[in-house]
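Subject: Structure handover

Hi,

Here is the structure for you to look over.

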Amino acid sequence: MLASLAIKDIVLIDHLNLEFSKGLSVLTGETGAGKSILLDSLALALGARGDGSLVREGAVKGQVIAEFDLPPFHPSYDFLISHEVFDERDRGDAIILRRVQSADGRTKAYINDQACSVQLLRELGILLVEIHGQHDDRALVDPSSHRILLDAAAGLEGDVEAVSQSYKLWRSAEVELKKLHLRIEEAAREADYLQNSVVELTDLNPQFGEEAQLADLRKKMMDCEKIATELNDAHEVLSGTGSPVPELSSLFRQLSRKAAEVPELLGQPVEHLDQALEALGLAQDALAASLREAEFDPHVLEETESRLFALRAASRKYNVAVENLPDLAKKLSGDLEALNAGEEQLSALKARCADAEKNFMQLANALSDKRVMGASALEKAVMSNLPGLKLEAAEFMVVLEKNQNQANASGIDNVEFWVRTNPGTKAGPMLKVASGGELSRFLLALKVALADRGSAPTLIFDEIDTGVGGAVADAIGAQLSSLANGVQVLSVTHAPQVAARANTHFLIAKKPSQDSEQVVTSVAVIKDDQRREEIARMLAGATITDEARAAAAKLIASV
């Protein structure tokens, strides 16, 4: 339920902190006192469209905080967990919605101080609060809402989910069948080209990464070919018949023998000759190693180039990169297989589609039968509430039309709530047939029938008693009080008969601001004499008489 509401700098409200309880709460006050502002503020916290004009004049921004206390199994927690706002440990914790509206039009939304999108706030708000008025489009006009309400009343959510999953399987099979049809038709138009291409690519057998490997090998062999002559010449100079190494070695030996006699003259030359011979030896070894590494079979180069050029020619022919040739070969082979085995695959897929459709229709028809029974039960439940709302001669109908040609994830039924207000008159959709006062009472009867199913934990009725009075207003109050036994009910009312039944009574009024010349809206919980005085005002108008006070006291005592 809605536990508290804090409002700051919204329209005529400078700051308000309200706490709510279970049961029936009413909000009363003179016209223009700010009752609609209070509801607009709550709607803002629930994700309604923001507007800079909502910010109180002179303020930079306004803020609304709504706190909800709910049982751990409420669907709101599943919603928050699925969107990673809460985790399982948070079940049962307070849910706090905060909306900040800037005067420049910008708006921010938070759930338990975690920033979120307004759309997420709006979707959560639908699970927490329903706001109804005399012309409640969402609940009374939209046929899709009627089907959802009927399914909730009859406890058919599990059956609807089974039908939805079956429908998805059927449509998925149909999409797959359509794709196969198109693929076979396309392949058939290019059968010869497809056959030749598959043969060519199968023979070519391109491999992933092959082009890069071949290009690297070709470059290496061509580089070796370019320097082969220079390597051979260098090797011949150092290691061939004209090599200076033997003569230098002989010279080194001669000088080494004499170096002992005259070391001051031959010591350094012998040392440098030794180093030179060692360096020449290393050069000989390195040249020999390079010659061995540079050796290649010219046929290998020819085969490498031939393979590389064949791959690149195929790439140009099929207008794909060389690295995509293996995927192309696989696709074309699959297309050829689909062409060759198309009829067999089509036959199997058609059978699968037929089975999926048959299964869907069986589940949808079974659901439709249950909806018929549920519709009868809902009609009886709503009808039982109509006499208490002074609609004894009226009739509520659940019009259920089965149409297999309009099958969807919800089944094959169109559902709409119709009414007949008087015997002998034509029945029709509620909004078209019922007057404003009648419409509000039909809505209330419906919500009472659905009190334990398909309802948010907090219901707000915005002046649904407008246009009625006396016994009818008293009947509405009785039904609101009955509804409040199962869910939290807030009612903005001008009817003293409704206000008299409240568990909590909020009085909304205008008063001068303490720190400015502006007028602000105040809200206070009233009891005892104050409450009697307010109900007397609602009975008598501007001038409250002793008779009105006595009538108010009697009205309060009677409930």
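This is a predicted model: local features need pLDDT of at least 70, side-chain atom pairs count only at pLDDT 80 or more; totals for chains, interfaces and linings use all residues.

Overall picture
The chain has 19 helices and 15 strands. Its radius of gyration is 45 Å, well over the 24 Å that the globule rule gives for 559 residues, so the chain is more spread out than a compact globule. The C-alpha trace spans about 150 × 75 × 35 Å along its principal axes. Buried residues account for 42% of the 559. The accessible surface is about 29600 Å², with 52% of that on carbon and sulfur atoms.

Charges
There are 58 positive and 84 negative charges, and their mean positions lie 8 Å apart. The salt bridge count comes to 22.

- Arginine 371 and aspartate 151: the closest N and O atoms are 2.9 Å apart. The pair joins helix α13 (residues 342-385) to helix α5 (residues 143-154), 220 residues apart. Arginine 371 is buried at 0% relative accessible area, and aspartate 151 is buried at 3%.
- Lysine 317 and glutamate 200: N to O is 2.7 Å. Here helix α11 (residues 298-318) is linked to helix α7 (residues 191-204), 117 residues apart. Lysine 317 is exposed at 52%. Glutamate 200 is partly exposed at 31%.
- Lysine 8 and aspartate 9: the closest N and O atoms are 4.0 Å apart. Lysine 8 is partly exposed at 46%, whereas aspartate 9 is buried at 10%.

Best wishes

Notes:
Residues are numbered from 1 along each chain as its sequence is written. Side-chain values use heavy atoms; hydrogens and water are left out. Helices (H or I, at least four residues) and strands (E, at least two) are DSSP runs, numbered from the N terminus. The radius of gyration is taken over C-alpha atoms; the globule rule is 2.2 Å times the number of residues to the power 0.38. Buried means under 20% relative accessible area, exposed over 50%, partly exposed in between (1.4 Å probe, protein chains only). Accessible areas come from the Shrake-Rupley method with a 1.4 Å probe; for residues, only the protein chains shown count as cover. Lys and Arg count as positive and Asp and Glu as negative; His and the chain ends are not counted. The place of a charge is taken as NZ of Lys, CZ of Arg, CG of Asp or CD of Glu. A salt bridge is a side-chain nitrogen of Lys or Arg within 4 Å of a carboxyl oxygen of Asp or Glu.
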